[in-house]
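Hi everyone, thanks for making time. I'd like to walk you through a structure today, so let me put it up on the screen.

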Amino acid sequence: MSSSEAASPEALVSALADPARLRLFGRICAAPDGLAAAGDARTAKLARRLVSAGLVSLAEDRYRAVPEAFRDALAKPPADPVEGLFSRGRLVAIPRPGRLRQAVFARLAGEFTPGRRYTERNVRDKLAPIHDDHAALRRHLVDEGLLRRSDDGSAYWRA
């Protein structure tokens, strides 16, 4: 991964902030040949977050630590704070309410064409590649007033 693709230090810390993910990362680091990827669904979900942050790679059905992720994150020039929450096009952390959160959701709203109506499935198809919890993103976009929803929930459009 080049430094232009590196996650921000904040994204790395966010990925390791969950105790279960941190324990898994420790197990991966301690395994000299990597940790076998064959595991339960919960472990796979935790590992996906580590992979999306660039801390872990998955090859040949083994998770391996990517120690240069830390060096690359620190070498990365200061960037737009919104960009720091994305890694390889995926949102790695949903910020707390405030200006940064508003900026993130404004960016996500840009995925939707003004004046066009979207079904719930269309919205899901646009948001699923960005974050595993696409339903939460959809709710936040509606709550922030960036997407409107019909009373019956069958249509969405950009505000």
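Let's start with Glu 60, which sits in the loop between β2 (56-59) and β3 (62-65). Before I go on: this is a predicted model, where local features need pLDDT of at least 70 and side-chain atom pairs count only at pLDDT 80 or more, while totals for chains, interfaces and linings use all residues. Residues are numbered from 1 along each chain as its sequence is written, and side-chain values use heavy atoms, with hydrogens and water left out. Strands here are DSSP runs of E, at least two residues, and helices are runs of H or I, at least four, numbered from the N terminus.

Back to the loop. Glu 60 has a phi near 55 degrees, a positive value in a residue other than glycine. Asp 61 is in the loop between β2 and β3 too, and its phi is near 60 degrees, again positive without being glycine. Are they buried or exposed? Glu 60 counts as exposed because its relative accessibility is 70%, and Asp 61 is exposed at 60%. The cut-offs: exposed is over 50% relative accessible area, buried is under 20%, and partly exposed is in between, using a 1.4 Å probe and protein chains only.

Now for Leu 127, in helix α6 (residues 120-127). Leu 127 is buried, with a relative accessible area of 0%. What does Leu 127 touch, leaving aside neighbours within four places in sequence? Leu 127 is in contact with Phe 112, His 134, Leu 137, Arg 138 and Leu 141, where contact means heavy atoms within 4.5 Å.

Two of those names come back in the next bit: Leu 137 and Leu 141 belong to α7, and together with His 140 they meet Arg 101, Phe 105, Leu 108 and Ala 109 in α5. By class, that contact has five nonpolar, one polar and one charged residues. Ala, Val, Leu, Ile, Met, Phe, Trp, Tyr, Cys and Pro count as nonpolar, Asp, Glu, Lys and Arg as charged, and the others, Gly among them, as polar.

How are the helices set? α5 (residues 99-109) and α7 (residues 134-143) pack at about 105 degrees, with axes 10 Å apart. The axes are lines fitted to C-alpha atoms over the stretch in contact, with angles from 0 to 180 degrees between N-to-C directions. So α5 and α7 are roughly perpendicular; that label covers 65 to 115 degrees, with under 35 roughly parallel, over 145 roughly antiparallel and the rest oblique.
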